[in-house]
Amino acid sequence: MFERFTKDARDVVKGAYAYVEGSGGGDGPCVEPEHLLLALLDREGSRGSFALVALGLDERRESVREALREARRRAGLTQAETDALAGLGIDVGEIVARVEEAHGVGALAGDRKGKGRWSGRVSFGRGAKEVLERSLRVALAQRDRHIGDEHLLLALTLRPGVPAEALADHGVTYESLVRVLYGSGGEAKAG
């Protein structure tokens, strides 16, 4: 599958690896969908970055990064999951505050800073693998012969989780991306 990746898509994967290596790797060094989105937000001059700019995300990229940081502090829970737990009487904010009081800020994020370096190889987590597989299906559905960073971005919007929620909260959805990238005649959802 990687032979179909454009240079831009490969650069996103490399950027995601760099985010994992820069954070110390968490519970074990795995690239997750959040890392792919962070790497996509760093891109300039590609189809994916063009689509983000066209949807008005250019000035709000830091807001998306902040939403990802906040979700990481909540142990990766989406806002929808946090709200559902609140409906059951569980205050995730209170739990985060208590854990951070006892163990330090970011304790639920699983960061390994100060805990030594992981000597193994960075791998793809299950979620990131799903995004990569879905990007292939998205490209095929659009009748594209390659997988570009735009396909990775489209795949992120299709997979439930923090990246899709953060993007949707900023007006970036699968449907809006298809309109920008392929015009109003975009193909049906691949996923």
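Modeller: Let me begin with burial: a residue is called buried under 20% relative accessible area, exposed over 50%, and partly exposed in between, using a 1.4 Å probe and protein chains only. This is a predicted model, in which local features need pLDDT of at least 70 and side-chain atom pairs count only at pLDDT 80 or more, while totals for chains, interfaces and linings use all residues. Residues are numbered from 1 along each chain as its sequence is written, and side-chain values use heavy atoms, with hydrogens and water left out.

Colleague: Okay, which class does Tyr182 fall in, then?

Modeller: Tyr182 counts as partly exposed, because its relative accessibility is 23%. Tyr182 belongs to helix α10, residues 174-182, where helices (H or I, at least four residues) and strands (E, at least two) are DSSP runs numbered from the N terminus.

Colleague: And what does Tyr182 touch, not counting residues up to four places away in sequence?

Modeller: Taking contact as heavy atoms within 4.5 Å, Tyr182 touches Arg47, Gln142, Asp144, Glu150, His151 and Leu154.

Colleague: Which side chains make polar contacts with the side chain of Tyr182?

Modeller: A polar contact is a pair of N or O atoms within 3.5 Å; within protein, one must be able to donate a hydrogen and the other to accept it, and residues adjacent in sequence count only if both atoms are side-chain atoms. The side chain of Tyr182 has such a contact with that of Asp144 at 2.5 Å, and another with the side chain of His151 at 3.2 Å.

Colleague: Switching topic, how many salt bridges are there in the whole structure?

Modeller: The search finds 11, a salt bridge being a side-chain nitrogen of Lys or Arg within 4 Å of a carboxyl oxygen of Asp or Glu. One of them pairs Asp42 with Arg65 at 2.7 Å, N to O, and this pair links distant parts of the chain, since Asp42 is in helix α2 (residues 33-42) and Arg65 in helix α4 (residues 61-73), 23 residues apart.

Colleague: Is Arg65 buried or exposed?

Modeller: Arg65 counts as buried because its relative accessibility is 16%, whereas Asp42 is partly exposed at 42%. Arg65 also meets Glu62 in a salt bridge of 3.9 Å, N to O; those two are 3 residues apart in helix α4 and so are separated by about one helical turn.

Colleague: What about Glu130, which residue is its salt-bridge partner?

Modeller: Glu130 forms a salt bridge with Arg159, with the closest N and O atoms 2.8 Å apart. This pair likewise links distant parts of the chain, with Glu130 in helix α7 (residues 126-141) and Arg159 in the loop between α8 (149-158) and α9, 29 residues apart.

Colleague: Which side chain of opposite charge is nearest to Glu165?

Modeller: That is Arg74, 4.6 Å away, and Glu165 is buried yet has no salt bridge; for charge, Lys and Arg count as positive and Asp and Glu as negative, while His and the chain ends are not counted. Glu165 sits in helix α9, residues 162-169.

Colleague: Last one, how much of the protein chain is buried?

Modeller: Buried residues are 46% of its 191 residues, and the chain has 10 helices and 2 strands.
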